[in-house]
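Here is a friendly walk through a protein model. Take a look at the picture first, and then read on.

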Amino acid sequence: MSNEIEPIKDPGLPAHVHRRTDTDPKAAQRAERQVAILFILSALGTLLMIYAYIFIDQDLFIFIPVLGDTNAHQIALGMGMAIALFCIGAGAIHWAKTLMPDEEVIAQRHEFKSDEDDRKEFVKTAKAGAAAAGLGRRPLIKRSLGAALGLVGVTPLLLLRDLGPLPEDSLTKTSWKAGTRLVTDPGDRPIRAEDLEVGAVAQTLPELPAGEHHTLNNIAKDAVLLIRLRPEEFNLDAERLSWTYEGIIAFSKICSHMGCAVALYEQQTKHLLCPCHQSTFDVTRAAKVIFGPAARPLPQLAITVDEEGYLIAQSPFNEPVGPSFWERSS
Amino acid sequence: MTARERIAGNVAGYVDDRTGAAKWMKKNLNKVFPDHWSFLLGEIALYSFVILLLSGTFLTFWFDPSMREVVYEGSYVPLQGVEMSAAYASALDISFEVRGGLLMRQIHHWAALIFMVGIVVHLLRVYFTGAFRKPREFNWIIGVGLLTLGIVEGFLGYSLPDDLLSGTGIRIAEAIIQALPVVGSYLAFFAFGGEFPGTTFIPRIYTVHILLLPGIFLALITVHLMLVWYQKHTQFPGPGRTEKNVVGYPLLPVYMAKAGGFFFIVFGVTAFLGAVASINPIWLYGPYTPGQVSAGSQPDWYMGWLDGLVRMAPPLESYIFGYTISWNILIPGLILPGIMFTGLALYPFIESWATGDKREHHLLDRPRNAPNRTAIGAMALTFTLVSLINGGNDIIATTFDLTINQMMWFSRIAIVVLPPIAFVVTKRLCLSLQRADRDLVLHGRETGRLVRMPSGEFVEVHEPISPEKAWLLTSHEQLAPLELSDLDAAGVRRPGALKNKLRARISRAAAVAVPKATETERRELEGHH
């Protein structure tokens, strides 16, 4: 015996073991019947589906354990389809596993790379082709073609230009102006300070001239939340305090992170929470971010009342509302 | 010859006269496909795609992607009289007026989820068994492309009904586009035809969802399958299986019956889910308006990791020379996914660079025999799972009575700490399993039978394992690390020495292994007994 380390040897493909159905004709017949039963079940599934489609009323609800009250039309249609499809599959696989040959066969693989000769021949052909076209010898054609193809490539960009207008300064503007009344959303009613109890929240929009209605584009920038606290609960500098009115403070409802509606107000802690990414803003400190991924407070809208006592904006928002963008200056 | 045979022969002859298909067919009807349950995972994705095409076509017959405002007058009472887009109204009509419409909508949505599960699990199988190695790198890249497009396609699909949940998803997508430095607001305005939400976005993504992306999918899937066919399927190691052969069942009839049957099983299961398991009940959400949102807003699972990353991002923004860079969106929304998907696509090339292995491989690796690769996979998977868990942090917090802050801090720490731990633990585990394999081959299987020796000592009887099993446990290759010298033949420091050093280090790490058992050792041990 040599000193060489001898690896463990490949014993080769194990001998084929016959199945019951290969040796016992009765077992084979049984398997045949089982396959046929599965196919018949499938047909019954399709019949159930047809029945449900035509005869079961779409409004009929039945009680099914586990599922509860269930639409009979939907469940019968769906179960019929599921049975019809599943049983065809189960039958085919059962057939393949019990009655079709199960002896493994061996095929050979071949390396993918071509013969060296073929490779050389290819290079020669490709070179000959290029030479016949004369690209190398005629730089004028090569360069002008390059320029032409490059320019043609611009076409899609050109044609896609009219997909939309340029942003210009529209991201920085909302419909709020000095003196715009705050109206309820929904309902479009102007609001007096006394309509809001301490602890209450209201969603508002700017009042529109009669006949116009709020488009989604407007709501996406104009939505404002009113929250009423006791004035002593605020922890604001003098300027921000002057933007509130009798404990009522107004913030843009559009999250400064990714623009979701900051819809959850926690009355006890006086926190506003955005349900999308859980940015949390402290109402008493001008919506300062106290948690989550938002980097900026919600813009605060300066409010006061007009001579009739309705809440109005003192001035437009002093910064863009909504998520950040490149051109935003702070 | 029976009449039926004559007719079939005539038809086949007619086709062959014009195409010469017989020559190709005779060879390929007996094509051999190796059998293993894990090879079905990709099939699940393929069949789900077919189901998506069928159910999706059905839905297009009734869906109206228009943003025209209508007043709902259908049979769903709670929304009667509500103003909404024609898209949402037609999605409600599919659910309530069209017979079988709700079933098809639910089948379509379930099939999309299963499609993505199929792709991801198939990808994991291919990764952990090393099936991506030469010559299959092209197919790996196509697969990564299909995964990426699948995520986009799924997102566009559930954005179409214009309900409150999907509109919120579009809002977030818009914020990501808008956060791109320099071009962000321009791109957002082009995509949305102006400001968010506008009236053009849903009609546009409808075209992308039902025409452009399915077309690309069809093309990529065709190439993917043609390459599998042409390169022949990989196989697991085992007795009689080599790099030079394929052991399995012939296409006709066994493989065809099994694969065809499996299509119907996948379709049947999807139909069952569509029948009993409600998914995306859009009528409960109401029409989209930017001023509202539903609590517990969740994307579909394959977007969840992305949302989870966004949720845990630190609140960072830079303001430089009057411009804003939103790191809190760019890092989790673009930079990290960019790194993840680029790394994924390049992995086969990185591995072959590090190991210096440029040969063809048709035998799969058992994951334990490639500890470094398996550990890297476990690390990436842990990273993704932590993000996915954080994508549901609100739901988890309410379900398990945690605060959202606890969840978020857990994720922020875990995403940094757990992946390296997963790497180390997985690598150790792989090496321990190798050691166990070695013991099994050398000392045999524990039988559980205790024997008392004349000396009073108790020993457990071990039984040698079968030659087939011993071969399976020892047939893998163990590559030596690359020998990379910093100096060239003339003793001069090579350029790129640092790169070489890195390569040598990775190669050493990849080559760590428990020496596999040999026949020689086995014989020596037998001599002892």
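The notes below go through the chain contact, the sheets, the domains and some helices.

This is a predicted model, in which local features need pLDDT of at least 70, side-chain atom pairs count only at pLDDT 80 or more, and totals for chains, interfaces and linings use all residues. Residues are numbered from 1 along each chain as its sequence is written, while chains are lettered from A and ligands numbered from 1 in the order in which they are written. Helices (H or I, at least four residues) and strands (E, at least two) are DSSP runs, numbered from the N terminus.

**Where the chains meet**

- Chain B gives 95 residues to the contact and chain A gives 80 residues; two residues are in contact if their C-beta atoms, placed from the backbone, lie within 7 Å.
- On the side of chain B that touches chain A, helix H10 (residues 251–276) of chain B supplies the largest share, 18 residues.
- That side of chain B has 50 nonpolar, 32 polar and 13 charged residues. Here Ala, Val, Leu, Ile, Met, Phe, Trp, Tyr, Cys and Pro count as nonpolar, Asp, Glu, Lys and Arg as charged, and the others, Gly among them, as polar.
- Strand E3 (residues 105–108) of chain A runs antiparallel to strand E4 (residues 245–250) of chain B, and 4 bridges join them. Two strands pair if DSSP finds at least two bridges between them.
- Ala107(A) has Val246(B) in E4(B) as its bridge partner.

**Sheets and domains of chain A**

- One open sheet has 5 strands in the order E4-E5-E6-E7-E12 (chain A), paired antiparallel.
- Its edge strands, each pairing on one side only, are strand E4 (182–184) and strand E12 (300–301) of chain A.
- Within chain A, strand E6 (residues 224–228) and strand E7 (residues 248–252) form an antiparallel pair over 5 bridges, and Val224(A) stands opposite Ser252(A) in E7(A).
- Another open sheet has 4 strands in the order E8-E9-E10-E11 (chain A), with antiparallel pairing. Strand E8 (264–266) and strand E11 (288–291) of chain A are its edge strands.
- E8(A) pairs with strand E9 (residues 271–273) of chain A over 3 bridges, in the antiparallel sense; Tyr265(A) stands opposite Leu272(A) in E9(A).
- An automatic or database domain assignment gives chain A domain 1 (20–98) and domain 2 (173–313). The centres of these two domains of chain A, taken over C-alpha atoms, are 57 Å apart.

**Helices of chain B**

- Helix H12 (residues 301–312) and helix H16 (residues 404–443) of chain B pack at an angle of about 105°, with their axes 10 Å apart. Axes are lines fitted to C-alpha atoms, for helices over the stretch in contact, and angles run from 0 to 180 degrees between N-to-C directions.
- That angle makes H12(B) roughly perpendicular to H16(B) (under 35 degrees is roughly parallel, over 145 roughly antiparallel, 65 to 115 roughly perpendicular and the rest oblique).
- Gly308(B), Arg311(B) and Met312(B) of H12(B) meet Met408(B), Ser411(B), Arg412(B) and Ile415(B) of H16(B).
- Helix H13 (residues 327–355) and helix H18 (residues 497–511) of chain B pack at about 90°, with axes 8 Å apart, and are therefore roughly perpendicular to each other.
- In helix H17 (residues 467–474) of chain B, the buried residues include Trp471(B) and Leu472(B). A residue is buried if 20 or more other C-beta atoms lie within 10 Å of its own, exposed if 12 or fewer, and partly exposed in between, with C-beta atoms placed from the backbone.
- H16 of chain B is part of what covers the buried residues of H17(B).
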